[in-house]
Amino acid sequence: MLRDRQSAIDVLKTHGWLLIPDVRVDLLSIGGQGVFYGVKLDTNIEADFATYEILRDRLHRQFVFVGSPSALILKGSQLSAEFQRSLQQTERWRELISRHGFSLPLKQTLSNIAKTSFSYRIIIGQSHRQTVEERSVVQAYRRNDLRIRSYDWVLEKLVHYSQSEIDVLNQIGTARLAETNR
């Protein structure tokens, strides 16, 4: 199912909950967590996905770049073109949001939100196929607001949930098309 970037995006639209770092059935079911796809940050710049989580008076948004499951981190001793593109894209998102802010309508009334924070995630390649050098590069590019994960991270999440929880997550955890309001 995860052959290339587009097939991965298609799967993640249906199973968007896999992108939420600490997805919980209770929060997802009441709209305290969710996923959007096709998130426009500017007329020409779009995030593949954006997740959100509301905890008490805090809203956390995470913008996700989806790379190819077969992408490499390094090509020879240089960063691969796809990994470079993913880093450049997340940096563009960071710059746009810091300059213009970002708003995406949610079901809930968010009048009690005291703080909104943003972070970024790149999902690319498969960690079990990465060399020691590639793992070092991934570690070097991580930041407090940037996480780089492989598709192994996405698929490993399944072992943390019962079959009945997965069934519920699959029913309520699809990604919704974003209608941004800037």
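## The sheet

Let's start with an open sheet of six strands, in the order 7-6-3-2-1-8 and with mixed pairing. Strands here are DSSP runs of E with at least two residues, helices are runs of H or I with at least four, and both are numbered from the N terminus; two strands pair if DSSP finds at least two bridges between them. At the edges lie strand 7 and strand 8 (176-177), each pairing on one side only. Strand 3 and strand 6 run parallel and are joined by nine bridges. Val-66 stands opposite Ile-123 in strand 6.

## About the model

This is a predicted model, in which local features need pLDDT of at least 70 and side-chain atom pairs count only at pLDDT 80 or more, while totals for chains, interfaces and linings use all residues. Residues are numbered from 1 along each chain as its sequence is written, and side-chain values use heavy atoms, leaving out hydrogens and water.

## The whole chain

In all, the chain has six helices and eight strands. Of its 182 residues, 47% count as buried (under 20% relative accessible area, 1.4 Å probe, protein chains only).

## The cores

A nonpolar core is a set of buried Ala, Val, Leu, Ile, Met, Phe, Trp, Tyr and Cys residues joined through side-chain atoms within 4.5 Å. The largest one has 30 residues, and Val-39, Leu-41, Phe-63, Trp-93 and Ile-148 have the most contacts inside it. Helix 3 gives the most to this core, with five residues. A second, separate core of 21 residues includes Leu-19, Ile-20, Leu-28 and Val-35.

Notes: Buried means under 20% relative accessible area, exposed over 50%, partly exposed in between (1.4 Å probe, protein chains only).
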